[in-house]
Amino acid sequence: MGASQDGDALLRLRDVVKHFPVGQRRVGATADVVHAVDGVSLEVRRGETLGLVGETGCGKSTLARCATRLLALTSGRVVFDGHDITALSRRQLRPFRREFQMVFQDPYGSLNPHRRVGSIIGDPLTVHGLADGSAGRRRRVQEAMELVGLNPEHYNRYPAEFSGGQRQRIGVARALVLRPKLLVCDEPVSALDVSIRAQIINLLADLQRELDLTYLFISHDLSVVRQVCDRVAVMYLGKLAEVAPVADLYRRPRHPYVAALLSAVPVPDPDLSDRRQRIILAGEVPTPVHPPAGCRFHPRCPKARRRCVDQAPELVPRGGDEARHVTACHFPVEPGDDLALPHPPIDQPGQDAGDDLAPVAGGGR
Amino acid sequence: MTITAPGQAAAGAAAAPTVAIQGRGPWRLAWDRLRRDPAAIASAAVIVLIVAAAVAAPAVAHAVGHGPNDQYPDVGLTTAGLPVGPSRRFLLGTDNLGRDLLVRVLYGARISLLVGVAATLLATVAGVVVGLAAGYFSGLVDLTLARFMDVVLSFPYLLFAIALVSVHGPSLAITILVIAFFSWAAIGRIVRGQTLSIREQEYIEASWSVGSGAARVMFVEILPNLLAPVIVLATLLIPTAIVFEATLSFLGLGVAPPTATWGGMLSDSLAFYQVAWWFPLFPGLALLALTLAFNLLGDSVRDALDPAGWRTVIG
Amino acid sequence: MLRFLAHRLLLGLVVLWIVSVAVFVLFFVTPHDPARLIAGRLATPQTVALVNHRLGLDRPLPDQYGGFVWRALHGDLGYSYYSSAPVRQLLASRLPVTVSLVLGAAVLWLVLGVGVGVAAARRPRSVTDRAGTVFVLTGLSMPTFLVGLLLIYFLFFRLHLAGVDLFPAGGYVPLSQDPAGWAQHLLLPWITLAVVIAATYSRLTRSSLLEVLGQDYIRTARSKGLSEERVVYRQGLRSALTPVVTQLGIDIGGLLGGVIVTEQVFGLPGLGQLAWQSVTNQDLPVIIGTVLIASLFIVVANILVDLSYAFLDPRVRLA
């Protein structure tokens with residue numbers, strides 16, 4: 001979807017860290033902290049669609065909100081179109097908000113039920129003072145509605161009068177009315193029926209061509225991401241596990257976690273499905289309050305060794321991969337690896353206090 | 001990269017059916033429900049009647065030739081100095097000073113309506129603004145404002161009202177201010193609670209991402225959601241304010257005599273009820289009618305605006 | 001739990017402090033002359049000045065306030081300007097009257113209000129429900145003094161004319177002295193107070209119970225074969241009563257300051273009447289005393305309500 005040459009980076013994230021305090025702030029007590037995002041560096045290039053994938057709780061939504069400065073960063077930098085927007089105040093950020101917008105997940109929660117649709121879509125115009133009179137604003141809103149495939153005559157209706165897919169279109173219209181450069185889509189189709197998803201995805205594709213847009217596309221659904229993205233970044237527990245062009249990732253995942261995820265994606269051909277190796281990970285995702293030491297995935301990883309506990313792997317190209325395919329793993333997946341086989345547990349006397357997992361068991365059935 | 005979905009028409013899938021189904025917004029629906037509610041119609045009629053009577057008070061006074069404060073000891077009192085009953089000259093009788101009760105009741109309606117509505121308006125505006133601010137900003141602002149509301153709600157209000165009014169001397173303005181001051185916190189608290197939960201909705205986040213500032217989010221996004229409960233609260237506050245005013249007047253602390261107030265008349269009638277049944281009856285009936293009408297209307301408005309809704313919030 | 005209690009107590013003290021300051025400011029910022037009132041209309045300026053000095057009213061304001069706080073912390077609330085009686089004694093003598101009035105009325109309004117509410121909730125939209133609504137709205141629309149007047153007229157005056165002297169028009173008889181007389185004299189005031197408030201409780205109980213009865217676990221109880229009585233009263237009412245208890249605490253707390261009208265109408269020598277008189281006489285120490293006691297009750301009532309909430313509803317955390 002869209003051109004993804006090595007254009008310059010429209011959005012650059014450098015070592016972004018975001019921690020949330022847990023529970024009430026009490027005087028004197030050191031609060032526990034949720035490590036939602038723990039040092040993520042990423043680039044979104046002009047014109048491309050970058051997918052950001054991960055399970056619930058891996059930090060992708062938080063990262064998206066840091067990128068659009070809906071949240072303040074704990075540390076790190078956000079650079080948009082060459083401008084450092086990390087520490088800008090709300091007022092200073094305002095002109096930038098015309099350049100990037102967000103499309104939200106919940107078509108029912110993201111539109112104010114007590115406002116008319118035309119008013120909702122026209123919000124950005126009013127906020128940024130770009131509507132020349134109510135007639136002008138109406139015209140631009142109706143243009144946006146047509147752009148996303150809505151009937152502009154429904155300008156005065158309430159969100160409740162639209163279906164889920166239509167409401168998502170309204171959300172897209174609102175995001176596009178100022179003709180931004182970057183759209184951050186936070187699970188835009190997850191809440192829609194499968195048959196509607198295709199429509200919205202097609203819409204997004206068309207819009208990207210027409211309006212020269214760049215997308216940061218967040219999802220937990222790997223099959224959607226495959227169709228939609230040029231490059232994919234996979235997150236686990238607040239850090240990036242692997243980033244690669246989409247074809248490479250799906251053909252040859254290098255990170256064991258990514259391999260396991262991909263093995264679980266449903267495949268229509270039953271024969272193919274039977275022959276496929278299902279990798280079932282042991283244990284559950286640990287709590288982000290006390291993430292495991294070293295590589296965060298090590299307690300569940302079928303290839304884990306001593307080194308994985310002691311040293312967090314860097315996100316670099318591994319053995320033979322091209323420069324754009326980076327993996328954070330000491331022992332990446334090689335062809336011929338059988339990740340479903342049980343493996344001897346690494347001995348781990350240095351296991352962190354507070355790490356409430358059982359000792360690593362073998363992966364597989 | 002296009003995905004073909006089965007049976008997909010092009011943008012036509014998004015267009016509404018060509019049948020002219022005129023969608024009715026929630027306000028229109030509520031109004032229709034209200035229109036069909038007999039209790040609402042009846043109570044609205046009573047209120048309109050009383051308002052009309054209040055407006056017409058000077059005209060009526062002129063027509064019968066008696067002012068609200070004019071005393072007629074010779075024709076208005078019996079030889080024993082007691083009030084006379086309803087007659088052709090004094091349609092509703094007289095009070096203990098020989099004043100025309102009909103005219104006084106009509107003028108009393110003005111006071112009750114004025115104080116009731118004005119105090120309610122003030123209290124509602126204050127309550128909404130403070131509640132919105134407390135709920136939206138949270139943190140220190142919320143803490144202070146919420147505590148402030150708690151403190152106001154903890155005041156023994158009648159006691160305080162009496163102290164305040166008696167020390168300053170009775171006056172219309174003070175009455176309105178006192179009633180408003182002791183009513184706003186109840187609204188503020190509810191508005192705050194609603195704001196706190198609305199704030200968590202995704203469309204608030206969407207508004208921020210568009211670049212809206214605090215004021216816009218509070219008044220354009222959150223307030224429309226509050227309008228329905230606030231309207232109900234306000235409508236139900238009016239009769240409370242009216243009763244509050246009547247109580248203050250009853251105790252001699254509302255508007256100063258000789259201005260006619262229903263509460264004042266009832267207080268004066270205490271000594272005479274055994275011999276002049278009309279003296280407490282008519283002001284009492286008027287007070288009851290107005291208060292009951294507003295209560296009924298408030299109930300109907302609540303039913304119309306949200307038949308399922310936040311009953312337990314408001315009670 | 002202890003933290004919570006301490007926190008609420010602290011808050012309560014702050015409230016009391018603010019109230020006392022407010023009353024002080026109120027009194028002194030506005031035109032007043034209690035000395036003249038006490039000295040009498042014909043008193044000479046010298047007499048007035050003398051009285052002023054005796055009362056300590058010629059000292060600077062912060063001084064007076066400081067003195068007051070100091071004494072109050074020692075349990076001394078000062079002396080009435082008007083009667084020279086110690087304020088504490090005045091309050092103590094009036095307290096039983098008001099407490100009798102409020103508690104008796106509370107029992108009555110609970111029975112009446114919750115009863116009507118439950119009956120209405122069990123058969124929504126029926127005749128019972130409609131009648132209940134009428135009761136509620138009428139009760140809500142009547143100022144207390146009006147109810148009192150009506151009761152006096154019909155149950156005292158009319159009956160009196162008919163030769164039946166069942167309900168006296170006013171006055172108070174201490175419980176310790178004559179229980180029957182105590183109850184007889186308080187009956188009309190109880191009804192007066194209870195009717196108006198029962199209306200609110202009826203509405204509250206009805207809506208709360210309706211909401212609870214709509215829950216799934218009630219449906220389960222019914223399908224298990226439990227009798228309707230058991231379902232409504234044991235399962236439903238227990239949850240539904242939470243807001244009622246909350247309201248009860250708030251009302252009893254606040255009512256102690258608000259019974260002024262009822263006591264006035266029925267001539268009961270309680271705190272309300274004391275408050276009223278003290279304001280008319282510009283009797284600052286007594287004013288402050290009554291306001292403080294009323295605030296104290298509200299604060300205590302609020303704390304008790306919060307505590308009971310935590311017991312009634314296991315989901316509530318006291319943090």
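Colleague: Which residues is A:Tyr215 in contact with, leaving aside its neighbours within four places in sequence?
Modeller: In this predicted model, A:Tyr215 is in contact with A:Thr49, A:Leu183, A:Cys185 and A:Gln208, its neighbours within four places left aside. A:Tyr215 itself sits in strand β8 (residues 214-219) of chain A.

Colleague: What makes A:Tyr215 count as buried?
Modeller: The cut-off is 20 or more other C-beta atoms within 10 Å. A:Tyr215 has 26 C-beta neighbours inside 10 Å, so A:Tyr215 counts as buried.

Colleague: How far is the C-alpha atom of A:Tyr215 from that of A:Ile121?
Modeller: The two are separated by 20 Å. Along the chain, A:Tyr215 and A:Ile121 are 94 residues apart.

Colleague: What does chain A look like as a whole?
Modeller: Chain A has eleven helices and eleven strands. Of its 365 residues, 48% count as buried. Take the contacts in chain A between residues at least 6 apart in sequence: 66% of them join residues at least 24 apart.

Colleague: How many residues of chain A are in contact with chain B?
Modeller: 36 residues of chain A are in contact with 28 residues of chain B. On the chain A side, β6 (100-103), α3 (117-127), α5 (164-176) and α6 (194-211) each give two or more residues. The largest share, six residues, comes from α6(A). By class, this side of chain A has twelve nonpolar, 15 polar and nine charged residues.

Colleague: Why are α3(B) and α5(B) called roughly antiparallel?
Modeller: Look at the angle. The axes of α3 (residues 57-64) and α5 (residues 101-137) of chain B cross at roughly 165 degrees and come within 9 Å. Angles over 145 degrees count as roughly antiparallel. Therefore α3(B) and α5(B) are roughly antiparallel to each other. α3(B) passes α5(B) in a left-handed crossing.

Colleague: Which residues of α3(B) and α5(B) meet?
Modeller: From α3(B) come B:Ala57, B:Val60, B:Ala61 and B:Val64; from α5(B) come B:Val103, B:Leu106, B:Tyr107 and B:Arg110. The contact has seven nonpolar, no polar and one charged residues.

Colleague: How do you know that α11(B) and α12(B) are roughly antiparallel?
Modeller: By the angle again. Helix α11 (residues 262-269) and helix α12 (residues 278-305) of chain B pack at about 150 degrees, with their axes 9 Å apart. The cut-off is over 145 degrees. So α11(B) and α12(B) are roughly antiparallel. Their crossing is left-handed. In α11(B), B:Trp262, B:Met265, B:Leu266 and B:Ser269 take part; they meet residues of α12(B) including B:Phe279, B:Pro283 and B:Leu287. This contact divides into eight nonpolar, two polar and no charged residues.

Colleague: What makes α12(C) largely enclosed by the rest of the structure?
Modeller: Count its buried residues. In helix α12 (residues 271-280) of chain C, eight of the ten are buried, so α12(C) is largely enclosed. Among them are C:Leu271, C:Gly272, C:Trp276 and C:Val279. α12(C) is followed by C:Gln282, whose phi is positive, near 55 degrees.

Colleague: Which residues have the most contacts inside the largest nonpolar core?
Modeller: B:Ile179 and C:Ala194, in a core of 155 residues. Helix α10 (residues 214-250) of chain B gives the largest share, 19 residues. With its neighbours within four places left aside, C:Ala194 is in contact with C:Ala105, C:Leu108, C:Trp109 and C:Leu112. Another core, of 101 residues, lies apart from the largest one, and A:Cys66, A:Ile201, A:Leu261 and A:Cys301 are among its residues.

Methods
Residues numbered from 1 in each chain as written. Chains lettered and ligands numbered in written order. Predicted model: local features only at pLDDT ≥ 70, side-chain atom pairs only at ≥ 80, totals over all residues. Axes fitted to C-alpha atoms, helices over the stretch in contact; angles between N-to-C directions. Helix = DSSP H or I, 4+ residues; strand = E, 2+ residues; numbered from the N terminus. Parallel < 35°, antiparallel > 145°, perpendicular 65-115°, else oblique. Left-handed = near helix turned anticlockwise from the far one by under 90°. Contact = placed C-beta atoms within 7 Å. Nonpolar A, V, L, I, M, F, W, Y, C, P; charged D, E, K, R; others polar. Buried ≥ 20, exposed ≤ 12 C-beta atoms within 10 Å, placed from the backbone. Core = buried A, V, L, I, M, F, W, Y, C linked by C-beta atoms within 7 Å.
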